[in-house]
Amino acid sequence: MTTLLTLVVLALVAIAIWQMTKIFELSQLKAENSQIANDSDNKTNGYLLFAFLIFIYGITIFSFWNYGKYLLPEAASEHGSDYDSLMLVSMVIIFIVQTLTQALLHYFGYKYRGVKGRKALFFADNDRLEFIWTIIPVIVLAGLILWGLYTWTNIMDVNDEDDPIVVELYAQQFNWTARYAGDDNVLGKANVRMIDINKANVLGLDESDTYAADDIIVKELHLPVGRKVNFKMRSQDVLHSAYMPHFRAQMNCVPGMITEFSFTPIYTTEEMRQNPDVAAKVKRTNEIRAERAAKGEDNSDPWEFDYVLLCNKICGKSHYNMQMKIIVETQEEYDAWIAEQKTFGQNVMGQADAGSANDFGKLETATASH
Amino acid sequence: MSVTANAQVDDHAHDDHEHHHKQTFVTKYIFSQDHKMISKQYLILGVFVMGAIGIAMSLLFRMQLAWPGESFSVFEAFLGKWAPEGVMDADVYLALVTIHGTLMVFFVLTQGLSGTFSNLLIPLQIGARDMASGFMNMLSFWMFFVSCIIMLASLFLEAGPAAAGWTIYPPLSALPMAQPGSGMGMTLWLVAMAIFIASSLIGSLNYVVTVINLRTKGMSMTRLPLTIWAFFVTAIIGIVSFPVLLSAALLLIMDRSFGTSFFLSDIFIQGEVLHYQGGSPVLYEHLFWFLGHPEVYIVILPAMGIVSEVMAVNARKPIFGYRAMIASILAIAFLSTIVWGHHMFISGMNPFLGSVFTFTTLLIAIPSAVKAFNWITTLWKGNLQLNPAMLFSIGMVSTFITGGLTGIILGDSTLDINVHDTYFVIAHFHLVMGISALYGMFAGIYHWFPIMFEGKMMNKNLGYVHFWITAVGSYGIFFPMHFVGMAGVPRRYYENTAFPMFDELTDIQVLMTVFAIITASAQLIFVFNFVRSIFYGKVGPKNPWRATSLEWTAPQKHIHGNWPGAIPEVHRWAYDYSKVDENGEYIIPGQDFIPQTVPLQEDEEELQH
């Protein structure tokens, strides 16, 4: 079907080209048979340049009108709103400059289209003009740079203030694993050389490190709303990138080193599902999926919004499907969930007292949070 | 100094001219040392052959993106076992994007573009008999040829060609067990690129030496056409940065074949720990982008030079702000070598470094803005001859602005966080360096076709059709692509069906693919026009665009040594278009341009800008 469609499109294009060449050639019959533009070429193409300006504006408006709603919804992290406002201001500046410069460029192309015998202006230099269009970008860019750097420094400052929870994101071809630091909130030491598949020590934790005992290894990322998270990223094989677009967060995972990113989620998954933009998106998507279901195609189950972690650095064959679900929930829900998870100690080291250490730690955290 | 040098060259070239009349087919067309022939060789191999393959690959993977998992007979025809029952395999998808990027960036837009126009125009526009070393020039082309053959041969390997993305970041590119393309395919990729770099360096050294030493009498640096300035500076950037890529490639070869750990550490893959310890992939990223970023200017500067020249000729006006244009080329060249880190904001390098690179990156917007405004002002109050070359030049300014502006977002470390490696980046660089450089190249081919093919001209009507379909199509492909990126779709995804949040973006993918097919088909018009004009093109006037520069003073019929008699002497800059005296009359009555060979007239002021 699509092959047919493509062929039809190609055929139509071919016909269009053939017709256009004919029109051009017919319009040239009277003129001298030269391959240098004459007045009538200048006129035709001058008008076309003007039409092209309208086309550029048209495709801009068309894209915003039709595709504007596809953009990511409101940021779900604390720093995300700073990101979004910097993006908005940059975009506004870009569109003002784009609109003006494209107008000048194409309008001049149309206005000054060649006419035989007309004199062009010998205008080789003007210091004042050049000074103006050097200094304006300097000022605008200085503003953007300063604002950008201020925001950047804030975002990238991964520190221990405000009692963050520490989570390791562990990447491998082609899936993600998360490791919570547990009640001591310190991640146990780890290295790929200590991976022991037989004992299910898949992240290579150091079994002799006491900090490792209470670490919790899971395949689904749960985060309490309003609590800062310090992520430590690791990869065991090739480069990956932990991309969490709804939180305006991304950091590469590099074998041989630990990279960091930090953010505070501000909306629970449930709250985000209520966001009108997200609700509308889910509705549109489910209409597409319902259509697919009607046709008996795959990938047609109804979708419910969830935050997601994607891999965003080419990592091999299944790069396109390397993901992990992120659930942001209330502190109570999070506490209940984490209590259900087994610690590394319980799973691998078989420590009898690991459980009690866990309970003790929980008590301590609970006191600290009051 | 330069006068004596010129005199020597003059004599020597005369000797050449006398003794080398009898040329065999092999010395004339194959192992030619004549810059005009080498330029055509680069054009055919670099642009037409490699370009066609690169663009065809993009159509294949664009079809996969628009109609994921569909079966196409064209996939089966071209991909064979990698498209069982016509459905594209995920590994070959990555191979296609990798080789598409490699071919377009290096083979088409670096050697194809610079090789064609630097070779053609440097001797002709500075008034030299040939390149400083004809032999090195020939060597450069044939190394490029070998490099092309090796790169193309890798497509036919059992396990497929390199597939780690055109940036070939290790460890993916270093470990054969990480993906099939990282075996023999990557080895051939590295070998091909090593030879390519040698070819590029030999070529660049030749360009630099020629521009510095072989300018004709009177051709001071500030009388050079902007094309030459652009090629000259491009060659310098190449000499500064390509060796660093070579070192990266060599270290990667060592890691791959000799067990060193420059870029690798702590790796557990397919059930076993590898011995590598202490290296860092981030080091590779630094080395790669130390070339990789200047590389995009190596691609765009020649296009900028061509556009400046073509625009001035066809506007019948001097280029506005000649000295500012040179200064901005130099500023861009300098800044281009200290901005590479903006590809690595989220690579794990120290965020403070990110701040520094944000600063230098956004600085580069300033000379770029100056160039754009100067081009626009060049059009103002001109008498625009809208030849196909001129339309492509205007089109280049348009896409350069559209693509360049989004650089403000990507160059800002903060904003880069969420659009890094998404389709937003793809849209940005395809407009600002891909399409813009191609437009510059098309402008150059339409404009200098008569110089290449002994006075024959390309058909202008086919040129107009080619331009307008390409212009509309390019925006049709790459403008909507920004929205796909802002919706969070990562690049290099074989299909986007694994994420329901991307379901509704499929209609944009279809739109982009349809535009891509139309635009690529329109290039066939260009190929047809080009080939037809070589054989059946009508010979036009000697100086069809009425240009001032020296190449148009050479006889249409190619001769070894370019000018039959003495080399022309230069008395003025290359932009005396529509210059008038106090009475408002043209300096040469009835002619709106003054060739560089015409001495200053009485009472005429040399307006040296």
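These questions and answers cover parts of chains A and B in a predicted model. Local features need pLDDT of at least 70 and side-chain atom pairs pLDDT 80 or more, while totals for chains, interfaces and linings use all residues. Residues are numbered from 1 along each chain as its sequence is written, and chains are lettered from A in the order in which they are written.

Q: Which strand of chain A pairs with S8(A), and over how many bridges?
A: Strands are DSSP runs (E, at least two residues), numbered from the N terminus, and two strands pair if DSSP finds at least two bridges between them. One bridge joins Met233(A) to Thr259(A) in S8(A). The pairing is antiparallel, and the partner is strand S5 (residues 229-235), over five bridges.

Q: Is strand S8 of chain A largely enclosed or open?
A: A residue is buried if 20 or more other C-beta atoms, placed from the backbone, lie within 10 Å of its own, exposed if 12 or fewer, and partly exposed in between. Four of the five residues of S8(A), residues 259-263, are buried, so the strand is largely enclosed by the rest of the structure.

Q: How far apart are the end C-alpha atoms of helix H13 of chain B?
A: Helices are DSSP runs (H or I, at least four residues), and the expected span is 1.5 Å times one less than the number of residues. For the 18 residues of H13(B), residues 388-405, this gives 26 Å. The end C-alpha atoms agree with that, being apart by 26 Å.

Q: How many residues of H13(B) are buried?
A: The helix is largely enclosed by the rest of the structure, because the buried residues number 18 of the 18.
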